[in-house]
Structure formats: structure tokens, C-alpha cells
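Thanks for coming, everyone. Please look at the screen while I bring up the model.

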Amino acid sequence: MKVAEISLPKLSKQLHSKEGFRFRLGAFTIALISSIDKVVEHLHFAYADFEPLPKTELVDFHVSLTSPAIRRCYRPQVVFSFDDHIPFLPLPLSQASAMFEWGLNWCIANNAHHFLILHAAVVEKNGRALILPGSPGSGKSTLCAALACQGWRLLSDEMALLSLADGLIYPVPRPVSLKNQSIQIIREFAPDADFGRIVTDTAKGDIAHLRPPRASVLSQSETAEPAFLVFPHYRSEGESELKMLSKGLAFMTLAKNAFNFNILGREGFDTMAHLIDRVECFDFSYPSLASALAGIDGLVR
Amino acid sequence: MQRGSEAFNGMFDRIVLIQFLRLYGKQALHRLDVSNYPWELLIRQARHANLLSRVAVLLQESDLLNRLPEKPRLHFCNAMRLAEANARSSNWEVRQVYDALHTADIEFLLLKGAAYIWLQNDAAKGRLFSDTDIMVEKVHLELAERSLARKAWFGDSYDRYKQRYYRKWMHEIPPLRHIQRQTTLDVHHTILPPTSRLKPKPMQLWDSAVPVEQMPGLFTLSPIDMILHSATHLFHEGEFGQGLRDISDLDLLLRQYIVANDDWSSLLRRSIELNLERPLFYALNYAAQILHTPISKSTITEAGRLARLNPMQRRWMDALFLRALAPSHSSCRVKGYGLACWLLYIRSHWLRMPVHLLIPHLFRKSWMRLTGKDNH
Amino acid sequence: MVDCENAGLYKKNIQTSFYFTNDECVTYCGLSGDIHLIEGSNARFLNILSMQPMSYLEIVSYFADEYDCEIDPNLHDHVKSMIDHYQKLSLLEVIGSKNS
């Protein structure tokens with residue numbers, strides 16, 4: 001039974017319970033407790049194709065989103081906690097869904113050290129994965145959303161998980177976070193795309209979550225072999241340009257984009273070397289979404 | 001009081017994390033039923049108590065790690081990776097500090113986590129910490145601050161109040177931060193703030209300090225002083241979020257350095273010399289009660305006599321410490337934990353600061369926290 | 001600067017890993033956890049050093065070949081400076097001494 005098939009009241013009841021609502025997310029298992037309506041709605045919509053977990057399975061991350069009683073009447077807030085530990089300052093209650101996504105990112109980035117965790121989007125087609133590292137102004141999330149809407153399998157919009165054991169990429173196909181103009185760009189590009197409610201006034205502006213394609217969720221246990229590493233740069237003028245990047249420079253730049261490179265030490269270094277060995281590395285500047293997609297298509301053909 | 005302790009003992013025995021540590025102490029981890037053990041609960045309690053890496057190392061030491069089901073094994077392995085990264089970073093930091101101070105001919109002592117990791121003693125097992133703590137002689141403090149500044153360690157941009165708090169009232173320099181690595185270095189000249197009611201003399205610590213091999217000018221405290229420092233830090237500094245972790249450190253240090261050669265009289269004698277009888281009594285009493293560290297009743301009684309606590313005080317301290325030192329994860333939190341921590345927090349400040357400074361200081365800390373301006 | 005000529009043999013530090021790719025080398029220092037990108041002739045030099053230790057004079061000879069130049073005080077200075085820098089980064093270490 002999928003989340004979409006559970007009625008809202010029933011889902012709400014499970015989220016209120018002591019064990020919370022448990023589901024599998026790629027290589028991880030999550031238990032979520034919350035009595036916040038916005039969270040119930042967000043889960044029901046954005047995680048529609050995910051399945052609840054059998055009670056016997058061990059949970060990796062016990063998380064909760066609560067609204068402190070003392071602030072319920074005046075500027076209500078939402079607090080994210082990971083097993084009794086509160087890593088962030090509270091946010092306005094209206095940002096509960098964004099808080100959930102940031103919180104999950106935090107849990108994975110701070111604990112899942114059997115992976116080299118890159119700040120990057122990953123999509124896959126024909127058995128080959130394309131890694132798009134993110135830096136401010138790269139437009140990685142917009143690109144990732146567009147590729148996912150065009151039939152690429154979504155592995156992640158935020159974190160590429162590279163296994164230390166086998167060097168493959170493990171999916172975490174969560175809702176794609178889009179900000180500000182990207183929301184409108186993707187709405188125009190893919191009018192059928194499923195967006196959740198827009199959350200306004202966050203530290204990053206307006207945020208909306210694009211539901212991950214069903215096929216991507218259904219194959220969340222299937223790993224992918226990395227084939228391309230493309231550093232995107234959005235430039236409002238000029239032509240698209242795909243330039244080969246030296247492996248040494250790609251290594252150094254990607255290491256700066258890795259959440260846990262410093263923690264993994266030599267293991268991280270070896271895993272990164274193994275990755276760079278296997279992928280073609282590029283710098284890619286593009287002036288528009290359409291030209292970006294054409295460029296990427298040309299690359300993988 | 002005995003009945004109260006028994007009640008606590010029963011309660012501790014039902015807490016998976018404490019059960020595990022007690023079993024390790026008895027060298028009986030091999031008795032664990034690996035397939036049916038509540039691994040998830042152990043992981044959650046340990047993570048919350050900042051002991052996940054330690055538990056992982058103890059499991060590996062007992063050859064159990066590879067026999068665990070996959071998910072718990074991954075969590076423990078990841079926790080060990082964190083500890084290895086911590087150790088690497090700490091040792092590198094120590095080398096950099098040594099470079100800076102050795103050229104200025106300043107001798108310094110490694111304290112706490114940085115010392116355990118450098119020495120690779122038993123308290124280094126899965127130890128996580130963020131700051132590097134060192135001690136220099138008071139007369140070298142200014143030169144040390146300048147030498148470190150030359151290698152890019154600077155006092156954080158604390159507000160004027162915090163600067164005064166450290167320099168004028170606590171007689172210490174504020175924590176230094178390395179501009180590039182963003183690591184924190186605490187430079188002390190004594191192990192308790194000079195305003196404390198207990199006054200261990202730094203020179204006595206220096207006289208017994210142990211030089212580090214191949215690093216002239218670098219020292220660690222003697223094992224007995226290390227134990228006394230750990231006890232003093234826990235029972236007089238008031239940070240109980242890591243209380244069980246600190247008791248675990250004490251348990252491991254006591255087993256390695258004192259139980260092994262049964263030299264309790266040297267430990268007691270030294271506590272008198274340094275005027276640290278009370279923290280030592282608390283350390284022995286609570287390590288024995290919580291983790292069953294093998295300390296004879298007569299030793300604890302003698303330490304109690306030296307500590308000069310009346311029965312009422314002992315009952316009070318039991319009520320507070322046995323609650324505050326228990327793991328505080330929601331699955332095993334003891335009733336009264338929050339209140340006990342708060343009272344001990346006030347007590348630790350009372351021990352550190354004269355009264356006329358204490359109230360305004362506590363008031364200001366609460367204000368900073370309420371308005372979100374406090375980063376700690 | 002260190003007395004290179006009497007130092008003995010230079011070899012890759014045991015704590016260091018190298019990743020070679022074409023004309024580049026990414027190094028990892030096990031003590032600090034730091035990585036560095038080294039290019040061109042220096043990368044090729046480290047590649048050779050990772051396979052066999054070299055004495056100071058052998059290193060000078062190597063670079064004289066690489067740069068196709070005479071062995072003169074400038075070259076000595078350049079090599080000494082490079083060795084000093086790489087020792088500080090823990091990429092190289094000295095084993096034994098010339099007299100042992």
C-alpha cells in the first residue's frame with residue numbers, strides 16, 4: 001500500500017502516534033512524528049509513491065516536527081528534532097515542509113558515512129548516471145527537475161551518495177526543492193508537473209517541492225554507475241559551452257563539494273579517485289534551460 | 001540513602017546503554033545475543049549520550065562488530081569513522097600548536113580529549129570532542145597568546161561582556177579560533193578558574209607532568225592527575241549533557257591506571273595534596289554505582305571521609321548526580337533529570353564565581369538564550 | 001633551509017597517497033587530511049619518487065633533464081625550495097642518511 005492510498009486522517013493518526021509514520025527512503029528508513037497539518041499534507045502529496053515500512057525493520061532516523069505550545073498563539077513555529085537532538089533554530093510554522101526536507105538532508109549528511117556524500121544532483125538514463133554538482137548560481141535543481149520531467153531517472157536533487165564499498169550511486173529520490181524563478185520556469189517547461197504548496201518568506205525566498213516521478217521512487221533500490229560529471233554554470237548571455245575539465249581540477253573542485261570528505265579521510269580520497277577515474281568531466285555554461293537540455297542530450301548520446 | 005541507591009541501581013540496570021557498558025567492564029560482551037539484542041535502542045541512547053563511537057569501538061574490540069545485522073553495523077562503523085576523523089584532526093592540531101609554542105620556548109600540557117587521543121590511552125576509545133585544551137604557566141600566558149596569534153589563532157569576536165568574563169573574572173584568555181581551520185583552542189593556566197572555591201596549585205601539576213616522547217616541551221598530566229582533572233571537570237564544571245560520557249572516561253581511566261596496579265592510596269593521597277578530595281569522592285562513588293567500576297567499599301568510604309560531606313549533603317548530591325549522570329534519551333530519561341541538571345548548573349557557577357558576579361551572569365545567560373543570541 | 005645534500009634518500013611519506021592522472025597528481029596527506037593538486041613536471045617527479053627513493057643529487061639531475069637546462073645554483077635553489085615545501089606538506093620524507 002502506498003502513502004497516496006492512505007487517507008489523510010489515517011496518515012495523520014499514524015504521524016501522531018508514538019512510533020510515528022515509518023517509510024523507506026532509498027538506503028534509509030525513517031520514522032516521522034508530527035502533529036502539524038502542513039506536514040501531513042506534504043507527506044501525503046510529495047511522498048505519495050513511497051511505502052510504509054514493516055514494523056520489524058530497524059529505523060535509521062527517528063525525526064519529529066513539532067510546534068512549541070508556548071508559541072502557538074503568537075508567530076507559531078516549527079522545530080525539527082533528530083532523536084531528541086535539535087540541530088536548527090525554529091522556523092515559522094508555514095515553512096514546516098521545507099524544514100522537513102532540510103532536516104532529512106542534515107540527518108543523511110551527518111550520519112551516512114558509508115557513502116561519500118556530494119552536494120550534487122544525480123539523474124540516470126540508459127544505465128549511466130550524470131552528476132551535477134551544485135554551487136550558488138549553478139541552477140542544478142532547475143536542471144535536475146527538468147531532466148526528471150523529461151524521463152531521466154531521479155536519484156537525488158541534493159545529495160549524490162557514492163558507496164565506499166562498491167563505488168556505485170545509491171538513490172534518495174526525494175521531492176525536488178525549487179526556489180523563486182525556478183518554480184515558474186519548471187511550471188512552464190512541464191505544465192503537468194506536480195508541485196506542492198509554495199512556501200514563502202524562507203531564508204532562500206519562495207520554495208516549492210516537485211513530487212519525484214513514480215518510476216524514480218519505484219526504482220529507489222537500484223544503484224547506478226556514474227558516467228558523467230558536469231559542473232553547470234548558468235550565464236544569462238552567450239552560447240552553451242561544454243568544456244572538458246582536467247581530472248585533477250575536477251577532483252579538487254568536487255572534494256570542496258563533498259559534505260563529508262574531511263571525515264572520510266583516506267577512504268574518501270580513494271573513493272573520489274575511483275569516481276574521477278570512471279567519469280568524463282566537464283564544465284558546462286548555459287544561457288537557458290532549453291539549451292542546457294540540448295547540450296546534455298548531446299553529451300550522453 | 002542505601003535504599004535510594006538500590007532503586008537507582010535497578011533503574012540503571014534496565015537502561016540498555018548502561019547495561020552494555022557494565023557488561024564491557026566485566027569483559028562479558030561476548031555473552032550478547034547478537035541476533036536479538038535491542039541494537040536500535042542502544043544506538044539511539046548512545047548517540048544521544050555522545051557515546052555512539054565509544055560503543056562502536058568496544059564492539060570492535062570484542063570482535064562483535066562483524067557479527068551484527070547490517071543496519072546497526074553500518075551505524076557503528078560510521079560512528080567509528082567520526083572518531084577516527086576526530087583523532088586525526090586533534091593530533092594535527094596538537095602538532096600545529098607545538099610548532100607555534102615550541103619556537104617561543106613555551107612548555108605546555110595537553111589536557112582532556114587531546115591528551116587521551118595523543119597517548120592512545122583507554123579513554124581515547126571512540127572519544128569525540130571539538131576543542132583542544134592545553135595548559136601553560138600563568139607567566140607565559142601573554143607570550144603564548146602572541147605566539148599563537150602569529151600562527152593565525154585569534155580570540156573569537158566575543159562581545160565585551162564575554163571578553164571581561166574570561167579575562168577579568170575567570171582570569172583566562174577566551175577560546176582561540178584558528179582562522180583557516182576554524183578549530184578552537186582553549187589555553188588554561190590552571191585546571192579550575194582561579195575564582196573557584198577549590199584551589200589546586202598548578203605548579204603541583206607541572207611537577208608531576210609526564211613529558212611526551214620526541215616532543216620536548218610537550219607534556220601530559222600524570223595518570224593520577226588526569227583522573228583527578230577529569231573528576232574535577234565533571235563535578236565542578238556542570239556540563240551534564242555529556243555526564244555519562246565523562247563517567248565512562250573516568251571508568252576507563254580508573255581501570256587502566258589504578259585498578260590495574262591496585263594503587264588506590266596514591267590516588268587518595270594526591271587528592272589531598274591538590275585539595276580535590278570532594279571531586280574524587282564523587283568520581284569513585286558514581287563510577288562504582290553507575291558503571292560498576294571495581295572499587296572497594298573501603299576506598300570509597302575513605303574518599304568519603306576525606307571529602308567531609310555530611311550525610312544530608314551526600315543524600316542531596318546522590319539525588320542530583322544520579323539523575324543528571326543517567327543517559328537522558330527519551331527512552332530512558334529519569335524523572336527529575338531536568339531539574340537536577342539545572343540545580344547542578346547553578347551549583348557549578350556558584351563554585352566558580354563569587355556571588356556578586358553569579359546572579360548578573362546567570363541572568364545575562366538566560367537573556368541571551370531566550371533572544372537566540374547565544375551560540376552555545 | 002634543510003641541508004638537502006647530506007640528508008640521504010627522499011621517498012614518498014608513508015602517510016601520503018597519490019592519485020595520478022595524465023599530467024597531474026592529487027596528493028592526500030594522512031596526518032592533516034589535506035589534499036593538494038600538483039601539475040606538470042612536479043607531478044611526474046612525484047610519480048617516479050612513489051616508485052623508488054631518490055637522493056638529492058638524483059633529483060637535481062632529474063629536473064635538469066626535465067627542464068633541459070644546466071645544473072647551476074638556480075636549479076639547486078629551485079629543487080631545494082620544492083623539497084622544503086613538499087616536506088612541510090608531508091609529501092616527502094627522508095630515509096636513512098648518506099653515511100649509513
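How many residues of chain A are in contact with chain C? Twelve sit on each side: 12 residues of chain A are in contact with 12 residues of chain C. By contact I mean two residues whose C-beta atoms, placed from the backbone, lie within 7 Å.

Some ground rules. This is a predicted model: local features need pLDDT of at least 70, side-chain atom pairs count only at pLDDT 80 or more, and totals for chains, interfaces and linings use all residues. Residues are numbered from 1 along each chain as its sequence is written, while chains are lettered from A and ligands numbered from 1 in the order in which they are written.

Back to the side of chain A that touches chain C. Two helices, α7 (247–256) and α8 (261–278) of chain A, each supply at least two residues there. The largest share, 6 residues, comes from α7(A). Helices here are DSSP runs of H or I with at least four residues, strands are runs of E with at least two, and both are numbered from the N terminus. By class, this side has 6 nonpolar, 4 polar and 2 charged residues. Nonpolar covers Ala, Val, Leu, Ile, Met, Phe, Trp, Tyr, Cys and Pro; charged covers Asp, Glu, Lys and Arg; the others, Gly among them, are polar.

Now chain A against chain B. Here 16 residues of chain A are in contact with 18 residues of chain B. On the chain A side, α8(A) gives the most, with 4 residues. That side divides into 6 nonpolar, 7 polar and 3 charged residues.

How confident is the predictor in chain A? The pLDDT, its confidence in each residue from 0 to 100, averages 93 in chain A, and 100% of the residues score at least 70.

On to chain B. It has 17 helices and 7 strands. Of its 376 residues, 40% are buried. Buried means 20 or more other C-beta atoms within 10 Å of a residue's own, exposed means 12 or fewer, and partly exposed is in between, with C-beta atoms placed from the backbone.

Take helix α2 of chain B, residues 16–25. Is α2(B) enclosed or open? Largely enclosed by the rest of the structure, because 7 of its 10 residues are buried. Among them are L17(B), F20(B) and Y24(B). Just after this helix, Q27(B) takes a positive phi of about 55°.

Helix α2(B) packs on helix α3 (residues 39–48) of chain B at an angle of about 90°, with their axes 8 Å apart. The pair is therefore roughly perpendicular, the label for 65 to 115 degrees. Residues V16(B), L17(B) and F20(B) meet L41(B), L42(B), Q45(B) and A46(B).

Last stop: L53(A), in the loop between α2 (37–46) and β3 (61–66) of chain A. L53(A) touches R22(A), F23(A), R24(A) and T29(A), leaving out residues up to four places away in sequence.

Technical notes: Axes are lines fitted to C-alpha atoms, for helices over the stretch in contact, and angles run from 0 to 180 degrees between N-to-C directions. Angles under 35 degrees count as roughly parallel, over 145 as roughly antiparallel, 65 to 115 as roughly perpendicular and the rest as oblique.
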